Amino acid sequence: GRAGDRAGGLLVDSAREVLKLAQSDVSAPPSLVTDQAEGFVKAVARPGKRLLMLIDFLKVIGEEKLDGH
């Protein structure tokens, strides 16, 4: 993720899969998701029959508090 001129990332032990999503597969999350996720879900993607939640990276790592977002 990027915050202004700073870049950051997450280190994980493993990943089950990596997907390349078409922009047409990504949309705003349904109200049920936004109500329950407290702002952590930025968008949803629907590749095929699956529903994936795309997280707000800066919120997850607490960066929005530092940058005033």
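Begin with the open sheet of three strands, whose order is S3-S4-S5 with antiparallel pairing (strands are DSSP runs of E of at least two residues, numbered from the N terminus, and two strands pair if DSSP finds at least two bridges between them). At its edges stand strand S3 (26-27) and strand S5 (52-55), each with a single partner strand, so one side of each has no neighbour in the sheet. This is a predicted model, in which local features need pLDDT of at least 70 and side-chain atom pairs count only at pLDDT 80 or more, while totals for chains, interfaces and linings use all residues. Residues are numbered from 1 along each chain as its sequence is written, and side-chain values use heavy atoms, with hydrogens and water left out.

Then move to helix H1 (residues 31-37), where Ala37 lies (helices are DSSP runs of H or I of at least four residues). Is Ala37 buried or exposed? Ala37 is buried, with a relative accessible area of 16% (buried means under 20%, exposed over 50%, partly exposed in between, with a 1.4 Å probe and protein chains only). From Ala37, draw a C-alpha to C-alpha distance to Met53, which is 16 residues away in sequence and 9.9 Å away in space.
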